[in-house]
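User: I am new to this structure and would like to know how its terms are applied. Please show it before we start.

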Amino acid sequence: KFYIETYGCAMNFSDTEIIASVLNNAGFSSTDDFTGADLILINTCSIRDNAEQKVRKRLTDFRVLKKANPGKLIGVLGCMAERLKSKFLDEEKIVDLVVGPDAYRDLPKLIASADEGEKGVNVLLSREETYADISPVRLNSNGVSAFISITRGCNNMCSFCVVPFTRGRERSREAHSIVAEAKHLFNQGYREVTLLGQNVDSYLWKNEEGDKQVNFAQLLEMVALVNPMLRVRFSTSHPKDLTDDVLFAIIKHHNICNHIHLPVQSGSSSVLERMNRTYDRDWYMERINRIKELIPDCGISTDMIIGFCGEKEEDHLQTVSMMEYVKYNLAYVYKYSERPGTYAAKQFADNVSEEIKSRRLSEIVDLQRRMQQEENIKEVGKEFEVLAEGFSKRSDEFLSGRNSQSKMVIFPKMNFKKGDYVNVRIVSITSATLIGEVIN
Ligand code: SAH
Ligand code: SF4
Ligand code: F3S
């Protein structure tokens, strides 16, 4: 029996479904209770120091179990395994397996040798691996929405980011295997897929002969055509690569959701340059203007890094003004965390004090909260199609789901069930959710 715990981004959660499939095929079954498992796996994230600290802390919980039951195997998978490689075995004595993101097919073999007492390490990165033929096991699914990985790795070199080191070169998965997976999900009752990649807009698949290719806008349309009742979402878009063709695909197909996650990272051109994001403030604003012109009701969300090397007060104010300009649906805001081996770690001093980082972070978070509230109030009276994803957290008399723009909506259950599309009129709001009444 194996138990697996996942940290980090959606890509990692999607990988866990691949891992589960590999292990099922090798005769393992999954359990939700780590104390009863023979094999304990932790799929890890390295994006910020605190992500790694969380994993270290969790390993101390497993240490107690391992002491009492030395026969149990403990494996570290994912980005932290890739970053630390076999050093992990020296640092954490209880670990038996260290397996990077491109080596999951090798798990059964590594487990077998670990069972014989030999520690198993495979952290080879691949230029080809996309796990296209592996049918993910949807472990913790709500049965309505699912992730589909379309690319792996990343070819950008944002100076702060560890991902190119932990996940290797970018590669695109064969288009027809993506469409087939979407069809399969729809037939099983799923009503929403999210196409995943570190930079989905750079998706480009070519056939072996090299006479056919599919870009991201084309792939979106292929998936949208699977069924009009299947919602299509995607993440993450990169401002330098988001094309008008993607926007046209969104307009053309009702089931491609009107939501774009377009991380800005900073509103200041000089910070963006040091980040090596390869766009500046004006470029980003032009992309926003184009989205708003073509898809006026498009939800836009972002990631931001606060206190990057050399960030001055005037840079911070530029980030504030960018937020006021765009009016994001949602913003994930992080303090800069220096990652060993990155360009920024080698070339720039992490010279914004912890105190200033914290102050700027809370200014941004407060501003976002205020603006989100103001924007949500404007939704009262509007009507949306909501895909019911399950019961609301507070009560079984209510269902919750998202509108096309990805805003959470809660509404009376009546005779609806998860997986239904429900037309809802918004009647009030709480801090982060819209509350609606059913109109069909
Ligand atoms: N591929 C996506 C982001 C992947 S990582 C993109 O390009 O937008 C998710 C987010 O983590 C990033 O958008 C960034 O805001 C944040 N992040 C990445 N490295 C970081 C670091 N060293 N410190 C703090 N936040 C970081
Ligand atoms: Fe990291 Fe930049 Fe790639 Fe995103 S695009 S994963 S931030 S290197
Ligand atoms: Fe973390 Fe790796 Fe994702 S570093 S954010 S799990 S790609």
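Analyst: One definition comes before the rest: Ala, Val, Leu, Ile, Met, Phe, Trp, Tyr, Cys and Pro count as nonpolar, Asp, Glu, Lys and Arg as charged, and the others, Gly among them, as polar. By these classes the shell around ligand 3 has five nonpolar, four polar and one charged residues. The model is predicted, so local features need pLDDT of at least 70 and side-chain atom pairs count only at pLDDT 80 or more, while totals for chains, interfaces and linings use all residues. Residues are numbered from 1 along each chain as written, chains are lettered from A and ligands numbered from 1 in the order written, and side-chain values use heavy atoms, without hydrogens and water.

User: What makes a residue part of the shell around ligand 3?

Analyst: A residue is near a molecule if one of its heavy atoms lies within 4 Å of it. Residues that surround ligand 3 include Cys9, Asn12, Arg167 and Gln198.

User: Which residues are closest to ligand 1?

Analyst: Phe160, Gln198, Gln265, Asp303 and Ser337 are the closest of the 15 residues that surround ligand 1.

User: Why is the pair between Asp303 and ligand 1 called a polar contact?

Analyst: A polar contact is a pair of N or O atoms within 3.5 Å; within protein, one must be able to donate a hydrogen and the other to accept it, and residues adjacent in sequence count only if both atoms are side-chain atoms. A polar side-chain atom of Asp303 lies 2.6 Å from an oxygen atom of ligand 1, so the pair meets the 3.5 Å limit. A backbone N or O atom of Gln198 lies 2.8 Å from a nitrogen atom of ligand 1.

User: Why do Glu17 and Arg138 count as a salt bridge?

Analyst: The rule asks for a side-chain nitrogen of Lys or Arg within 4 Å of a carboxyl oxygen of Asp or Glu. The N to O distance between the side chains of Glu17 and Arg138 is 2.7 Å, so the pair qualifies. Glu17 lies in helix 1 and Arg138 in the loop between strand 5 and strand 6, so the pair ties together parts that are 121 residues apart in sequence. By this rule the count comes to 42 salt bridges.

User: Which classes make up the lining of the second largest pocket?

Analyst: The lining of the second largest pocket divides into six nonpolar, three polar and eight charged residues.

Key. Helices (H or I, at least four residues) and strands (E, at least two) are DSSP runs, numbered from the N terminus.
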